[in-house]
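Dear colleague,

Please find below the structure I am handing over to you, with its sequence. My notes on it follow.

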Amino acid sequence: MILSSELSLPVTLQRIVELAAELTGARYGALGVLGRDGTITEFITTGVSDAERAAIGHIPVGRGILGVLIDDARPLRLAEIAGDPRSVGFPPNHPPMRSFLGAPVTARGQVFGNIYLTEKQDAAEFDADDQDTLVVLAAQAGVAIENARLYEEASDRARRLEALRAVAAAILRGDQGEAVLGLVARYARELAGAALATVAVPTDGGELAIEAADGAWAERLRGARFPVEGSVAGDVLRSGKVVVLPDAAADQRADQPLVGLGEVGPALFAPLSAEGRAFGTLAVANAHGGPAFREADVQLLEAFAAQAAVALEHVRLRRELERLLVVEDRERIAKELHDGAIQALFAVGMGLQGAATLARDPELAARIEGAVDELDRVIRDLRNYIFGLRPGILADRQLDQALRRLVEEFAERTGVVAVAEVDPEAAAALASSAGDMVQLAREALSNVSRHAAATTCRLSLRQEQDGVVLEVDDDGRGFDPDRVTGEGHGLPNLRQRAAALGGRAELSSVPGQGTTVRVTVPG
């Protein structure tokens, strides 16, 4: 009755150990809970103080006499542990133990763990009555554990469903992917009762990045990038299997930022997988010396990660659909510009050229020809914008080639002596955002043609310590930025485009000494 009335599994396990020691007269007792691989994942004790447990160190893994019951799930009684050839001795700081009695605990038809008792207090060894008592208690313990597990699973299921409901609600609201990942990290930490949770996903550069972190050390970890090779998350991503670390600080895969902190103890890594494809890892951890994760925690986090991955896959597909809609819309705009606006402007230009040939006033004819030249410039600009609107076209031309061609066209149109200095490696690093970089360069060159009255201009693209730098400088008239009212010279557009790429745009100018536009983006 005492065991069956308790529904908390940790409390039930502790009570089983205490009852076993009390009924058999043992000084020390333990219950070793077995994990999926047959090793001991939890070790509940009685008779040993917290200080003694800390001095002993890590819980047993199931060697020696403890391993005998794991391999052969039958009661075992020994008068002297050290006298058995299967004994491997005790670790340093372990209390002396001689007599031994053990029995398996079965739940759901499988061995849940083993009860270990040592040091019979009122006799030299445990007798047959003690063994019979322990076997009966182990059978009752199996029923109590089954009840506690069912209650725990129902409670865990309710908490998991509530967490998934919150994630799904965020997706339906249209929250950004980063916010949804933040919710996944937060609820994972709460479900596991952990100190920290992180979500790592692959980047375009072939690395992994911690996109979300919640709890202790979150600010230090959020945004960190690390290689796939040599990291726990990378191994989980490849294998699609959960990894449990009793002590992350002792793991050799130090490329994992969470491991590299040196302050983390128990850790658990689960794959975020959908349709057989792993696209991220979910990790939870406790501080060094903190509680280890139970088998129930592993199962709970594994189930949550699998279900959360489906929701995150929905976010990815929605983002991909939005991207395709944008591409289609750009194609439509480009087609309308080409088939409508450009042809109309071309017709106007042809009409003006005809009018110029009929004009008897040379000055009027010159002005008309000037207007035609301006129309030609506008048509070229429109074609360049169409070039930028069609990512498929840009993909056929490398970024460095596109920038060089842009500078050539600028020099032909304006008469300004212009040069392009493009680092091919820096250009390759920005292949995924080539269209945006061309638009940034076009904006900057347009400012030179409109405002600078320059004779020379230089465009450069290079790799620096804080990212890839696109720089356009000229030797024009310059100006005093402090005396400019508002945000002139196209700087708002430049800043907005740079910010969309996660970078920044800066403008520096001195009257009579020219102007420099500098855009820095991650690369």
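The chain has 15 helices and 16 strands, in what is a predicted model. Of its 523 residues, 44% are buried. Among contacts between residues at least 6 apart in sequence, 60% join residues at least 24 apart.

The helix pair α14 and α15

Helix α14 covers residues 434-452 and helix α15 covers residues 491-500; they pack at an angle of about 165 degrees, and their axes are 10 Å apart. Because an angle over 145 degrees counts as roughly antiparallel, α14 is described as roughly antiparallel to α15. The crossing of α14 past α15 is left-handed.

On the α14 side, the residues that meet α15 are Asp-436, Gln-439, Leu-440, Glu-443, Ala-444 and Asn-447. Their partners in α15 are Asn-493, Leu-494, Arg-497 and Ala-498. Sorted by class, this contact has four nonpolar, three polar and three charged residues.

Asp-130 is located in helix α4, which spans residues 128-173. The relative accessible area of Asp-130 is 7%, under the 20% cut-off, and therefore this residue counts as buried. Its side chain is joined to that of Lys-120 by a polar contact of 2.9 Å. With neighbours within four places in sequence left aside, Asp-130 is in contact with Thr-24, Leu-101 and Lys-120.

In helix α7 (residues 232-239), the buried residues are Val-232, Ala-233, Gly-234, Val-236 and Leu-237.

Positive phi at residues other than glycine

Two further positions may be of interest for your review of the backbone. Asn-93 is not a glycine, yet it has a positive phi of about 70 degrees. Asn-93 belongs to the loop between β3 (76-78) and β4 (100-107), and its relative accessibility of 56% places it among exposed residues.

Ala-453, also not a glycine, has a positive phi of about 55 degrees. The loop that holds Ala-453 runs between α14 and β13 (456-464). Ala-453 has a relative accessible area of 55% and is exposed.

With kind regards

Key: Residues are numbered from 1 along each chain as its sequence is written. This is a predicted model: local features need pLDDT of at least 70, side-chain atom pairs count only at pLDDT 80 or more; totals for chains, interfaces and linings use all residues. Side-chain values use heavy atoms; hydrogens and water are left out. Axes are lines fitted to C-alpha atoms, for helices over the stretch in contact, and angles run from 0 to 180 degrees between N-to-C directions. Helices (H or I, at least four residues) and strands (E, at least two) are DSSP runs, numbered from the N terminus. Angles under 35 degrees count as roughly parallel, over 145 as roughly antiparallel, 65 to 115 as roughly perpendicular and the rest as oblique. A crossing is left-handed if the near helix is turned anticlockwise from the far one by less than a right angle, and right-handed if clockwise. Contact means heavy atoms within 4.5 Å. Ala, Val, Leu, Ile, Met, Phe, Trp, Tyr, Cys and Pro count as nonpolar, Asp, Glu, Lys and Arg as charged, and the others, Gly among them, as polar. Buried means under 20% relative accessible area, exposed over 50%, partly exposed in between (1.4 Å probe, protein chains only). A polar contact is a pair of N or O atoms within 3.5 Å; within protein, one must be able to donate a hydrogen and the other to accept it, and residues adjacent in sequence count only if both atoms are side-chain atoms.
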